Structure formats: structure tokens, C-alpha cells
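Hello,

Here is the model we talked about handing over. Please load it first, then read the notes below it.

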Amino acid sequence: MKLITVLKQVPDAEARIRAGAAGVDLDGVTFVIDGMDEYGVEEAIRLREAGNEVEIVALALGPARYEEAIRTALALGADRAVHIETDVDLDPISQARVLAQVVQQEGADMVLVGGKQADWDSAALGPALAEVLGWPHSDWTTKLELAAGSVTVEHDTDDGHESLSMPLPAVITTQQGLNEPRYPTLPNIMKAKRKELAKRALDEFGAGAGLTQITSQQIQTRERLGKVIEGDAASAAAELVRLLQSEAKVL
Amino acid sequence: MIQFELSDDQKQIQALARSFVRDNVIPVAAQHDREETYPATVVEAAHAVGLLNVSVPESVGGLGLSMLDEALIGEEFGYGCMGIYTILMASELGIMPLLLAATQEQQERFLGPLVEGPRLAAFALSEPNNGSDAGGLRTRAVFDGDEIVISGTKTWISNGGLADFNVVFASFEPALKHKGTVAVVVEKDRPGLSTNKLHGKLGQRASPTYEMFFDDVRVPVSNMLGEKGDGFKIAMRTLDKTRIPVAAGAVGVLRRALDESRKYANEREAFGRTIAQFQAIQFKLANMKIALETARLQTWYAAWLADTGRPHAEAAAIAKAYASDSAFDAAQEAINVFGGYGYMNEYPVEKLMRDVKLNQIFEGTNEIQRVVIARHVLQ
């Protein structure tokens, strides 16, 4: 069977991000493979190690710099990769429409993608991909077992978690708890150089400008009220409780 | 044309080494330092991800990484624990003479096994009464038919007693001085070889250091590297290269000193503000940054010269002396930033100073590096 792991390259969690008039400034930022997507790559490798005959294809849509993250996936154990190279920022639904075409061309049996994308903090890509493909979908998956022609998963819900069984092909979104991703070993990093990395252009897929346009960007900063409560301790405490209840609404 | 960009492979090697050190080295560094114990699980884990013995050539099953690759790995390990890095570094030091002078058969026999398990190599040059004067070796090599009989004592040998093999330098004809020396591979299990782990080092206490006694140890002549008389030359050509990882480890220590100082300076308050707001502290951080950037550039430059087959002895000596001297200065300034806390082993900076002191001494003291540099200046 064929597994596709969709991945993104995002700023390192420790990177300092600045926003200017022209948008988010990523100059000098270190990029890594999105941690949420890494769980999907790891799960695909584990399915192979469990004795399943699988081909693992890493699939990414993004700028040239994504190649580093794709190489990481190849070093971890993906067999080959497809990179749709573009500098265009697409919303998740437009991304899903492009990625779904590759998934269909490849004839994949399962797509693994992070439950959330760390760049824009969107959790839409997996569900949108399932919608475009018309496939069943499990989000926030923490356990996955393959059977003949189907997959059984556990996934988180608001109140706890539930088990689902669904026929293949299916879209699975991954998260912390599914597994513990390994390091790419040095020998595998060297071998990854010789693995196929196919480049595709965005205009092959008839993608337009996307459904949403970014009109402005800001970095969220915590603003202080600078409020000083006057009076003796007892009345100041009473006023503080009132403010926390009625204004801050945290009590 | 000049460019400072690492290749994609190199960025991945760097990222792997950084994650590995964060997860496997930093959490155990203080304990191995205190207890003076060998970090076997770290060495096993390093082997499992391929970070051990990285210079073993592809032709005998290794990765054949370059000196620049090694410098990237060295900086990351130096950041985590210079003592633990010395175990890996000293193994590469034991491998280097074979890269320079071994036949393909010798490389297969000695280097091939080093990639199959968490195994180490070592380099045995220093003697109790002979360090910098490498031409005055007292260890004897007597040629007896198709065997070489080695007798004498070596000391300060990192990994010596643990290594699968030591490359031992000995004199077969003292009157010939440098030209009377040989480099011989001596396997661990040869009868007559005994070792003693030394205790009481100031720093780098996770790295096991040995004295080694050769009591008429017999090895086949086929264990000799190069020709009779090549010993000193092989030792010097080895050190001209392996001083680069010593510099890289020091760059890692420097980066750690800066990181720890920056973090502490942003937390600690005095006179109503964080101490990072005082110029006295800012200047220390700035000086560390100046040293970090320049030491790394010189280290990478020396590595690039070595990798592209250019003369690199002087550049490597500059990198080694400059990186280790400035890392020592940065580590002791980090203690000043921390004040009293910096003097306690509860905080990581006093260990940086104890550890990097050794980078100023081993693989040729920094005085010897200056002799090498001056020789090039006066040439």
C-alpha cells in the first residue's frame, strides 16, 4: 500500500518572529519540519517496521526552502518525495485542492498530516483534504492500527477520546501521543541524498490566487492596563476581586 | 568567490547533533563529571544514530564525513559536554593516522569494525617524560622477524584502555630522532599490554584517560602504518588535522558560556533592574559573541582548507589556540556574570571553565601552537 505524509516547514519554536509593514519577516529564522507532521512520518515508518508492505511518499506544498524539511522526511525513512514548489501563500482549502490531485495521481491508500499547522496555527488542512477527496477522516489521532482494507484509530474529542474504524483510503491527522518520532540517523541522512525528490509547479494544478487574501499582519503583544488599586488592604482586595470577576472575568 | 552557506546535508548533520546533545548529553553531563564515570549509554546512543567514528571511509562501511562535518558535530557536543565530546573526538584522533597512512587492507581490518558497534580508537603518543617533544620518544619498537616488539609507557591517552586499538608511536632507532620512529596499530587484547585509568582530572571527567604499559607487546609488522621512519611524520600530519575538532569543541563551550550568561543576565536583578541592563555585563556578553563568531569562522576555514587538500597546519593551529583560549576566557567571564552562583557546581558555568582548560593543553599545548604559527610567520 501507499502512504502519503504531507508536511510543512515552519519556523523553529524558539525562533523570534517579527512583523513589519510588509508582513511577517522570516529573515534569519531557523526552519524545521512541522512537529505535528513528524508524527505522521514516524507512524508511516512504524507501519512498515510492523511488517506492512508500504511505500512512503512525502508530499509538500511550499517555497524552495521546504526542501530541507523534505530531506529530513527522506532521512527519517520516506522512500521518495514530491515537492510542489511555490512562493504563493495559499489558504488551507486551496492547498487541499492542490494536494488532493497528487494524492489521487499517486493512488494513495492513506494520507497522514499534522493535526495543526504551526505556521498559521490552522487545523484545517487535514479535514479539507478529506473533504476534497471524499474520504473518511480521523482528526487528532493518538493510536492507529491497520487491518485489511480498513484502519482503526483512537482520537481525541472535547470530552475524552473515541475509537473509530473506517475503510481505506482515509485521511488521518496526527498529534502528540501517537508516537515518539526518532532522529534521522547520519547514514540515513547521507542516503536521503540519493532518494527521488520530484519537483512540480503550482500552475500544473490549476490553482488560482486562493480563497483568502492577507490584508495585514500583526504580532500579538500583551498590553498592560497599568491600573493601580488605591485604598487599604481590605478594600483594595475587595476591589481586586470585583475587577477579576466583572472586568477580567477570570474568577 | 566565497560563500558561508552550509549544504543541506550539513544543516541536517548539525540539527541531528544538536537534538542528540540536547536529549542525550546535557541531561547526564553534570553527573558523569561529578562521578568521573564513563557515559557508556551516550556512546552507544551516538553509535546508533551514526555520530560515532564518522570519519571512517565509505570504502570500509563508514560515512567518510569531512572535517567541516566533524567541526559541526564537535561544536554541538562541546556545547553539551566537552568531556563527553573528547571520547568521540579522541576516537577520530585514533582513526586519523589510518586515513593518512594505512593500506586498504589495514583500513578494512582496523576501521571496518569501528562502525559495527559502539567501539573506540585511540592515539598513544604522550609519555610520562615526553609530551610536546614528540621526536624524543622513549617507547621502543624492536623489529624481530615479521614482528615488532613494543616496550615502554604512554600516558594521558584518552580512551586508551577502552579502545579496540591504539595507534602507538615508538622509536626503533633513537639516534635517528624523528626519522627513527614508527606508528604501529596495537589491538586491545595483545599480551603484555596493560592499562590504568587515571583519576583526579580538573575537568573533562567523563572522558576516560589512561596510562598504558607495554611489556614486550608483539604485533605483526603488517600492523605498521606507512614505512619505518614515518612515525613522527604521521603523528604531526594527524595533529595538523585533529586540532580542528579540538577548536570546534571549544567553540561549543564558548557558545554555551554565552547562552548561559545571557539567560542568567536576563533573569537576575540588582539595583531594580536585570543585570543585562548594565554595560559591565553587556560588554562581557559582547566580548563572548565576538570570540564565538571569530573562533567559529577560523575553525570552519581550517576545516575547509583540510577538506580541499590545501595546506592547513597554520590555520588549524590558529583555530585551536584561539578558540580554546577565548573559550576559557568566556567561561571564566561567565562565572563572573553568575557571581557566587557561578562558582557552584549546581550551575553549569564552572564546569565549562574546568573542561575547556584541557582544550588549551591537549593535541599540542597552545604554546606549541604558537611555535607552529611562528614557524610559518618566519618561513
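How many residues does the contact take from chain B, and how many from chain A? It takes 13 from chain B and 13 from chain A. Contact here means that the C-beta atoms of two residues, placed from the backbone, lie within 7 Å. On the side of chain B that touches chain A, helix α1(B) (residues 8-35) gives the most, with eight residues. That side of chain B divides into seven nonpolar, three polar and three charged residues. The classes are these: Ala, Val, Leu, Ile, Met, Phe, Trp, Tyr, Cys and Pro are nonpolar, Asp, Glu, Lys and Arg are charged, and the others, Gly among them, are polar.

Some ground rules. This is a predicted model, in which local features need pLDDT of at least 70 and side-chain atom pairs count only at pLDDT 80 or more, while totals for chains, interfaces and linings use all residues. Residues are numbered from 1 along each chain as its sequence is written, and chains are lettered from A and ligands numbered from 1 in the order in which they are written. Helices (H or I, at least four residues) and strands (E, at least two) are DSSP runs, numbered from the N terminus.

**Chain A overall**

Chain A has six helices and 13 strands. Its C-alpha atoms fill a box of roughly 75 × 45 × 40 Å along the principal axes. Of its 251 residues, 36% count as buried. Buried means that 20 or more other C-beta atoms lie within 10 Å of the residue's own; exposed means 12 or fewer, and partly exposed is in between, with C-beta atoms placed from the backbone. Among contacts in chain A with a separation of 6 or more, 68% come from residues 24 or more positions apart.

Chain A is divided into domain 1 (2-205) and domain 2 (221-251). The bounds come from an automatic or database domain assignment. The C-alpha centres of the two domains lie 45 Å apart.

**The sheet in chain A**

Nine strands of chain A form an open sheet, in the order β11-β10-β9-β12-β8-β1-β6-β7-β13, with mixed pairing. Strands pair if DSSP finds at least two bridges between them. At the edges stand β11(A) (161-167) and β13(A) (197-201), each with a single partner strand, so one side of each is left without a neighbour in the sheet. The twist averages 30 degrees from one strand to the next. Axes are lines fitted to C-alpha atoms, for helices over the stretch in contact, and angles run from 0 to 180 degrees between N-to-C directions.

Helix α1(A) (residues 35-49) lies across β1, β6, β8 (110-114), β9 (137-147) and β12 (170-174) of chain A. It runs at about 145 degrees to β8(A).

Why is strand β6(A) (residues 55-62) described as largely enclosed by the rest of the structure? Because seven of its eight residues are buried. Five bridges join β6(A) to β1(A) (residues 2-6), and the two run parallel. In that pairing, I4(A) stands opposite V57(A). β6(A) also pairs with β7(A) (residues 80-85), in the parallel sense, over six bridges. There L61(A) stands opposite I84(A). The chain crosses from β6(A) through α2(A) to β7(A), and this β-α-β crossover is right-handed. That is, with the strands pointing away from the viewer, the path from the first strand over the helix to the second runs clockwise.

Helix α2(A) (residues 67-76) is largely enclosed too, because eight of its ten residues are buried. Among them are A69(A), R71(A), T72(A) and L76(A). G77(A) follows α2(A) and has a positive phi, near 150 degrees.

**Backbone points to check**

- The peptide bond from L168(A) to P169(A) is cis, with omega near 0 degrees. P169(A) is in the loop between β11 and β12 of chain A.
- W156(B) is not a glycine, yet its phi is positive, about 60 degrees. W156(B) is in strand β3(B) (residues 147-158). It counts as buried, with 20 C-beta neighbours inside 10 Å.
- F271(B) is not a glycine either, and has a positive phi of about 50 degrees. F271(B) is in the loop between β9 (269-270) and β10 (273-274) of chain B. With 7 C-beta neighbours inside 10 Å, F271(B) counts as exposed.

Best regards
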